[in-house]
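Thanks for coming, everyone. Let me put the model up, and then we'll walk through it.

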Amino acid sequence: MKIMKFILISIAIIFAGSSLFAAKIVKIKVDGAISPGSQSYITNSIKYAEEIHSNALIIEMNTPGGLLSSTRKIVSKIMDSKVPIIVYISPTGARAGSAGVFITLAAHISAMAPGTNIGAAHPVSSSGKSPDSIMNDKITNDAAAFVRSIANKRNKNIDWADRTVRESISATEEEALLAGAIDFISPNVRTLVKQIDGHKVQTSLGEVELKTAGVAIEERKMNWSEGFLFWISNPDVAYILLMLGIYGIMFEFWSPGALVPGVVGSISLLLALYSLQMFPVNYVGALLILLAIIMFLLEIKVVSYGILSIGGIISLAIGSIMLIDTPYKYMDISMSLIISFVIVTALFFGVLIAFGVKAQFRKTTSGNSAMLNSKGSALGNFAPGEKGQVRVFGEIWTALSQEPIEAGDEIIVEDIKRFVLKVKRTKGREI
């Protein structure tokens with residue numbers, strides 16, 4: 001029995017191992033800007049494909065571009081991959097702009113779907129403008145050398161690759177194939193795996209013949225950490241986190257000891273700062289938002305009748321619009337999002353100011369001032385200039401009057417000095 005049990009376990013292990021390393025193609029989908037999030041997703045997927053000895057990794061890509069620092073790390077990982085990497089620009093209408101050009105050329109095999117385009121890889125500075133011609137030349141020459149080295153390594157058209165950087169040229173799928181920038185045009189992934197079957201590529205382990213026809217395709221989704229990095233790389237998310245941080249800090253100052261707003265605000269603010277470092281932040285816009293925060297905090301502590309709030313709202317609106325300075329739409333903060341937060345902030349402080357102004361005109365209900373113009377009744381007779389006793393708010397007070405007061409007379413308080421009320425008689429008397 002023990003021998004039989006051992007045999008069965010061994011068979012189970014063998015089948016488990018064979019299913020784990022069964023022939024398969026891993027496919028991932030990158031739809032959006034190239035950022036630390038997409039970098040983590042791609043590099044981890046390559047590592048996973050290597051671990052399971054995948055026949056190939058297909059990167060289905062649609063990107064307007066992204067960070068050059070993340071692009072370099074992705075290209076480096078692709079170049080050093082042990083499994084063949086296929087970059088497929090898809091679906092129809094997709095593009096591989098800017099950073100996408102470098103990644104596409106770095107792949108062992110590159111393909112495009114009909115109705116797609118590739119190109120315009122000229123680098124742009126963090127502000128969206130070139131500060132001077134010398135710095136622009138340095139950045140351009142560096143990017144051009146980088147793309148030429150990639151094209152040379154993958155036997156692609158070096159001249160075309162150089163022109164995408166220096167002249168910002170773009171190409172349709174037909175033009176790219178004719179120029180020798182890509183290897184195939186495929187309407188879908190299934191057709192692509194049939195086209196590349198038998199194709200030989202050079203990986204870090206040496207020459208590999210692709211065996212992809214009829215092989216199962218496993219789609220790898222982002223895990224939680226990759227998804228979080230990708231999510232936080234969105235400029236709208238960065239702005240939302242920034243606003244939550246501002247609101248949290250304001251509420252904590254408004255109600256010290258509440259803790260929850262302060263903790264949530266601090267975490268949100270730190271995440272916002274991490275996210276914003278991925279984008280070309282305009283320092284004037286950042287300073288205007290900081291000025292808005294200072295004005296809002298002062299409004300909570302100082303009675304300005306709304307002047308500080310109005311200044312803070314204007315500063316917040318202008319600063320939010322200026323915060324990310326870039327010519328690329330995918331890096332812009334949504335204008336509708338900015339307007340929404342500015343309106344919410346204006347409404348909040350509008351209500352706060354309204355309550356503040358109302359409180360200024362509200363009758364005092366405690367202290368000496370609350371006694372003025374209050375009515376009461378005399379408890380005894382007292383002549384002009386003499387002190388007597390009166391009842392006001394159910395309390396007995398010493399009073400002084402410039403006219404004769406009789407017991408039971410209704411009196412009204414005119415002033416109070418050193419706990420002595422100055423009163424006068426009203427026209428009526430208590431019954």
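How many residues does helix α2 have, and how far does α2 reach from its first C-alpha to its last? α2, residues 36-51, has 16 residues and reaches 22 Å, close to the 22 Å expected at 1.5 Å a residue. That expected span is 1.5 Å times one less than the number of residues. Helices here are DSSP runs of H or I, at least four residues, and strands are runs of E, at least two, numbered from the N terminus.

Two housekeeping points. This is a predicted model: local features need pLDDT of at least 70, side-chain atom pairs count only at pLDDT 80 or more, and totals for chains, interfaces and linings use all residues. Residues are numbered from 1 along each chain as its sequence is written, and side-chain values use heavy atoms, leaving out hydrogens and water.

Back to α2. Twelve of its 16 residues are buried, so α2 is largely enclosed by the rest of the structure. Buried means under 20% relative accessible area, with a 1.4 Å probe and protein chains only. Among the twelve are Tyr41, Ile42 and Ile46. Their cover includes β1, β2, α3, β3 and α9. After α2 comes histidine 53, with a positive phi near 55°.

Now the inside. The largest nonpolar core has 45 residues. Such a core is a set of buried Ala, Val, Leu, Ile, Met, Phe, Trp, Tyr and Cys residues joined through side-chain atoms within 4.5 Å. Ile59, Phe102 and Ile118 have the most contacts inside this core. Contact means heavy atoms within 4.5 Å. α2 is one of the elements supplying at least two residues. Apart from this core lies another, of 30 residues, including Met243 and Phe341.

Notes
Buried < 20%, exposed > 50% of the residue type's maximum accessible area, 1.4 Å probe, protein only.
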